[in-house]
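Here are my notes after going through the model. Have it open alongside, and take the points in order.

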Amino acid sequence: MAIRANPHLIDELELYGAQDVVKCYHCGNCSATCPFSGDSYVFPRKSMRYLQLGLESCLRDTLEPWLCYYCGECSDECPRGAEPGETMMSMRRWLTARYDFTGISALFYRSPKAELLAIVLLALLTGLGFVLFGLSQGDLAVYSGDGAFLPAEKVHLFDWTMAGVLVLLLGINCIRMWWFTIGSDRSIRVTPLLYLKQLFQVPLHFMTQKRYRDCDRQRPWAIHLVLMLSYLTMLILIMFFLHRVQHGPGIDWWVHGFGYAAALGLIGTTIYALRGRLKQSEPHYKHSHETDWIFLVLLLLVSVTGVAQHALHRGGFEVAANLVYVVHMMGVVPMLLLEVPFSKWSHMAYRPLAMYFSAIHERASLNVPADDQSKTPAPQVA
Amino acid sequence: MGFEPTIVGFLCNWCSYTGADLAGTARIKHRPNLRVIRVMCSGRVDPTFVVKAFASGADGVLICGCHPGDCHYLEGNYKTLRRFELLKRLMLAYGIDERRLRLDWVSASEGERFARLVDEMTEKIQPLGPFELGPAFQNGTDLGLVEGITPTPEVSHG
Amino acid sequence: MSSTNRVGVFFCRAGAGRLPGFDFAEVADFAERLPEVITVEDLGDQPNLAAQDLVSTIQRHALDRIVIGGGSPGYFKPVFTRAMAEAGGDPDEVRLASFGELFAAGVDDPMATARAITACAVNGIPFRLAATPDRVPVNPETLVIGGGVAGIETALRIASAGYRVHMVERSATIGGHMAMFDKTFPTLDCAACILTPKMVSVGQHELIDILNCSEVTAVSGSPGDYKVTVERQAQRVDPESCIACHACRDVCPTRVDSEFDEGIISRKAIYMAFPQAIPNTYVVDGDNCRYVRSDGEKCGACVKKCPKDAIDLDRTKSTKELQVGNVVVATGFETFDAARIDRYGYGQLPNVLTSLEFERLTNASGPTGGKIVTRVPSYNKRKKTEEWVFDPEGPEPDSVAIIHCVGSRDQNYNPYCSRVCCMYSLKFAHLVKEKLPGATCYQFYIDMRAFGKGYEEFFERIKDEGVFVIRGRSAKIDHRYGKMIIKGEDVVHDRIMEIPVDMVLLAVGLEPAHGTNRLAEVLGIHPGPDGWFTELNYNSDPTSTNRAGVHVAGVCQGPKDIPDTVAQASAVAARVLGSVISGSIQTQPATVSLEEISRQAARLADASV
Amino acid sequence: MKDKCRIGVYICNCGTNIARVVDCEQVCQEVGTLPGVAVARAYKYMCSNPGQEMIIHDIKEQMLDRVVVAACSPRMHEPTFRKALEASGLNPFMLEMANIREQCSWVHDDPQSATRKAIDLTHAAIRRVQLHEPLEKQEAPYTPTTLVLGGGIAGLTVAMELAEAGQQVILVEREDRLGGNVGRVDLTAPYLDSARDILTEKIVRAEASPRVEVLLNTRLTELKGFVGNFTATVEDDTGLAGDRAVGGVVVCTGYRPFDAGRIGSLGYGRLPDVITSFELEQQLRTGKLKTRDGKTPRYVSIVHCVGSRNARYHTYCSRVCCMTALKYGHEIKSAIPEAMITDVYVDMLSFGKGGEDLYRRTSELKTMFLMYEKEDYPKVRSAEPEDDCGMLLQVREKLSGVTIDVPADMIVLMVGMEARHDGDEVARVVGISQDAEGWFIESHPKLAPVSTPTDGVFIAGACQSPKDIPDTVAQARAASAMILAYIAQGKVEVDARFAEVDEDRCSGCRMCNELCPYTAIIYDDETGRSAVQSALCKACGTCVAACPSGAIKARHFTDEQIIEQIEGVLAWGSNQPS
């Protein structure tokens, strides 16, 4: 069956940042340059072709954009300036929107203004909510302990509720991702055992980003890993030790020690990334979608306010600490609620999942009698 | 080792000789049995040349010209065609197998056709074995058909 | 056509990259004052124009002729034509005032030319028709710069008509790159068989003077009568006396890389580029000669050895003044420096060769006598180092990969297509298959550009010979376990190829010869953005330049294969002969008066009625 | 006479071209002992300067009076070696060549039999050359008027080039207007300049020039005579014929577009909105870019290689279609900015100056490029109402591996170039040949790209093979250069190889008079003998073969020479014990 070409898809992807893909003339240089492109997955060229031809379903069902870590080698050596790296990035944005069943993601990527508006609204709502809540039950001059403006156990409860919502939203999106990429693929048969056997891939890739390290340039991997681990540390601290985190004014080194390290990591890497994007210092910083800026700014804001409330609390400026806490929450809530399921941050789920799915796919397709896999091409006699 | 016949080819300068050259530039391999003699036009091929060739030990004779209608000299090859009919009868009279003599058309662009022609002709003559002068032929020579035009008889063979 | 046209002039700046520093306002101002012009609009650099807006503009002003001005106004013509048709006007009355072409070629007063072009378009007459050239007397002698196949062809054509030609060649021999080639595509006849007889004819022709080891340093004068200064390196071997006996070469102690053999073997400091060189005499490479470098202190062995006393190492460079009517520039090309792309490993990996190196390797008169072998390590006693050399008895490669578009079609290097690489790569594949029937041969290409007579047939034949053609540009060459691994994507079969090969041939593209810019300055002509000389008009005058009597032939105008080069070189000869036979040369008019335009327009209108 | 011959025999290795298969040393040794042979040498490149010098040196030093060169085809280098003989003071006709490259080393693999053949051929040449006679070249005046066949861009360029050099031109055009196929084009690739401006200039100048005689609706029906002295018979539509004396002829008859209807799957002729590139050009010129039912197309598809690069139609590439298609991309986008353009191609041949740039710019317009396998043409069908487009084009897209339906309201077929249907008539009249595809054959693609085997007749432009405008103009000028060189010389050398009648032996039967295709043999009533007019004779030798009394002699192809050659090629075989 022939698939109908959709000449408009390329316009759509342009909104997601794929401005230069039109220039590609398919020399294949990018795929051959990419250290990940190999036996079972050959990219980025093929995905770029799907995009140029508007083969929406092919593009939706591919895992390839998630296998790319954007080292930028391909873009550097592209003879036409087609920016394959950035195109893959844009496809990841587009895929995020496709996995998202609510359509919010698509709205945000296509119209960053809408995202900004949503963030501001949600922030104001959060701020208002927390101020009203704080005033209703606590004292603005108390940061922790009894009568705290924002008591840790309540915030804790709030955090866990929010986490529940996030997991639900992201979970549905992840299932959709599974359906598109594996579930609906009739050409392979995946046994439950295989799913189980490969499950280790998810935490492995989540924690180590080990594939990223195979890129020729290792620095981006290191930066990304620091950011990722810092964030994870912070997440654990907040989700499980919030009480001890907020406790003070004395320093609880067992908790705060980790907190300091994580905060340093977060602030350091976000500033590095922002600086890089401003100066376009590295290939993967050359092109910035509006959502990239929003994400980084939010993350920096949240980290800085987190550190600030901690410092103010230690310094005895309880009122200021509480106010900054509110601002902190005004950053945290939109960041988590909007970025995690609908925008850039969803990739922390999709990427390890993609590694998992690709490993499954690879093994499952080994069972299928494959066409000629030999390295030497058949003579192309007409 | 099989018998390798020697064939004398009369090729017109404009089409067939060029076609044979084209077979060369295109490296179309063929049997090495043909010995080409260039004439300006296939119409130049005097029947005595053919007789002379057989008399001198050729196992076959191939005459090639431009395709009918394409002659560089407008209609020289038509004249060849008419003359060829006569020649065939002469061959018959001499008792020469008619497969040993062939007239065909090769244009300047038909290198491949030329190569095929040489191969075909060689393969056809091979089973016939070396050409032997029949008595009739010798009589013919005695009659002076060939003698008349043979130049200075004192030429020694290399 | 009545003389009361209602003309609208529209300026489109988009794509004005061809017009650096162009003052649109000035031309617009000029256009406004032309009698028939009703409206002048500057449409800025919007790339897309809405037909509906244009229709209403046309109807509002009741325009019956439209002139689009700009660098490449043709890009906007269809929408104007459509608008004109929809507005009920005559679609043929959409005229172009294209400034780009003359700008690129370079004219003395570009704004005056732009005004004239606009006025011509407003009057509905092509600029080239209105601008009738003047004729000035011409000196019948011609200077040909460059002794490659283009220069040779031009010189022979002119000389065979009975006119004198001076041929200036930078290197020691004429013949250029073609003399280095083994076979030529697609007929595979040997380059030497075609070229050397022509070289012989040039050398023997009494009307052709060859000035080898010479360069043009200054040109003055006006069209039809140019004074040219040629600087000639010291002629240390008297060409009249030299009998090419090699005695001098045998005693010369200095070895340098042979330019003719692309450095894969060496030559002496006194040398003849190749045995068939024209002029067929030895020359001294002053930069490397031990005697010259030491100011006569050392060596001088060749002088004593010469049986004809033809060598005088103390001679110095000389200059020569020539008076000519026409100058033909045929300076050709040099190949892209493959070392610029480090992932191909050229210069590091001994068996990565450029196309010219392979031409020499496979050439019967080359260093291996035409045997295709790989380089092997060998101890150089003189330099006391290990180096990789071609040994005629060395190992033959089992597999050869050919990478197309090296340095071409790549915005990081040269964005243009070099036009000949596809075909010569196919030729290489054939030579490999012919000489090493057991070898495997791979071609990595992007688009197969087999466009000439018999080329596509040649491509088919190469495929039938069992050459693997892989669509996909190879990205890199790794070196593992003593083999080179070439990595590329086979984009048609969607797989990554990692093929171990013994030899890689880089189909390097063409670049303007060094010194092109300086020569352009000396001659007052213009190299384009890619560095090739700009012709006066791409379509109708592909061999003339903005300076009357200065012509471009062959690759220096843009990459070309041999048949196209020969055709273009003969075309230049036609221009030269046309002028010398008629005794006068046409100047290139850059402007034309308004009176002349209206006079011509009236004539044209009468003619077409 | 023969005994006293001193023959020099030179065997060329041609690099390895000959030496790879033929053992040149063995040839040298074997023929060196033949009677009459004074010297036999083998050398790497006989045609190079040292090679020629060697021959000249030997002629002088060894007192040679005849030379045999065993090398490439005489069609290639006979003139070269003749010049060498001349340079040494020998008559150029004292040369004979043995073709041991094209007809031996290049076509045989077995060294032994190839060497045998080379020896036989060389032997024959040695035998033949002994009977060569010095012939004197003759000169004839050159008429400085040129006949240009075809009024397209090539013909107009030749005409103007010659007219501007002050020479007379007769421009013969079969149609009722000048301009040819370029006249149907609006803008040129890659800079989108006006084709009309280029043509108008040339046409107006040609029509106004007192030196150019333009004959419209006219054909060349006969060309008699020889270089410098042709008589051309031109005939117009009404059957009115006239003779013109011309010195040279330039054939610029161009091409015709491929008939797209021959490829059924593309739907040309079946579906109204499948049009050819020439029809699109017409729409662009008139500003009416519409589908057949008057709508503005939203989807336009351009299909490359229609009739080109396909063994069933034409194997060759038509060279200009890719660039033209890229140009259309821009033009359609300009006329209809909202249109979606798809470009279905095989390989993108944007090779000329500015070509790659045009390709990139067309890509940037979001043109969708689809690649199909050569010969696997897309299939066009009418769309269903729900498809929201006029037609669907099914392409097996190579770079994605997916079969794709491309929506299209208008499909433009880039029809290739084809040799004109009247090419064979032209070829016959002017005496040139055509290749298998019908293109005129040049003498040599690199040595003489515009010359033909008939002296004084040149070819230029797309009648030789597909070409774009700059290449056509270059070729047209190249042909002008050849003509101008003749004009500058003012004379031509006439082939010394003509037939002669031995009056003593001629019986006056007049058989030859009828046979001669050039009516060069005239019967003299007074003497009762026939005589050949040497300038008209083209040396075919038909009369020689036919003369019952053997009275006619073909100079340089005498009966004796040919018979000697026959004996030569067979000499070795007859010496062998059978």
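1. Start with one residue pair in chain B: Val61(B) has Leu101(B) of β4(B) as its bridge partner. Keep in mind throughout that this is a predicted model. The two strands behind that bridge are β3 (residues 60–65) of chain B and β4(B), which pair in the parallel sense over five bridges.

2. Now zoom out to the sheet. In what order do the strands of this open sheet in chain B come? There are four of them, arranged β2-β1-β3-β4 with parallel pairing. In general, the strands of a sheet pair through backbone hydrogen bonds, and the sense can be parallel or antiparallel.

3. β2 (34–39) and β4 (101–105) of chain B are the edge strands, each pairing on one side only. On average, and ignoring direction, neighbouring strands here are turned by 20° against each other.

4. There is a helix to look at too. α3 (residues 76–94) of chain B lies across β3 and β4 of chain B. Against β4(B), helix α3 of chain B runs at about 165°.

5. Over to chain A, which is divided into domain 1 (9–99) and domain 2 (104–363). The C-alpha centres of these two domains of chain A lie 26 Å apart. To their contact, domain 1 of chain A gives 27 residues and domain 2 of chain A gives 31.

6. Which elements give two or more residues to the domain 1 side of that contact in chain A? They are α5 (64–67), α6 (73–77) and α7 (84–99) of chain A. The largest share is that of α7(A), with seven residues. By residue class, the side of domain 1 of chain A that touches domain 2 splits into 13 nonpolar, six polar and eight charged residues.

7. Last, chain D. It has 578 residues, and 63% of them count as buried. Its secondary structure comes to 15 helices and 30 strands. Along the principal axes, the C-alpha atoms of chain D fill a box of roughly 95 × 60 × 40 Å.

8. One more on chain D, about contact order in sequence. Take the contacts between residues at least 6 apart in sequence: 70% of those in chain D join residues at least 24 apart.

Terms used
Residues are numbered from 1 along each chain as its sequence is written. Chains are lettered from A and ligands numbered from 1 in the order in which they are written. This is a predicted model: local features need pLDDT of at least 70, side-chain atom pairs count only at pLDDT 80 or more; totals for chains, interfaces and linings use all residues. Domain bounds come from an automatic or database domain assignment. Two residues are in contact if their C-beta atoms, placed from the backbone, lie within 7 Å. Helices (H or I, at least four residues) and strands (E, at least two) are DSSP runs, numbered from the N terminus. Ala, Val, Leu, Ile, Met, Phe, Trp, Tyr, Cys and Pro count as nonpolar, Asp, Glu, Lys and Arg as charged, and the others, Gly among them, as polar. A residue is buried if 20 or more other C-beta atoms lie within 10 Å of its own, exposed if 12 or fewer, and partly exposed in between; C-beta atoms are placed from the backbone. Two strands pair if DSSP finds at least two bridges between them. Axes are lines fitted to C-alpha atoms, for helices over the stretch in contact, and angles run from 0 to 180 degrees between N-to-C directions.
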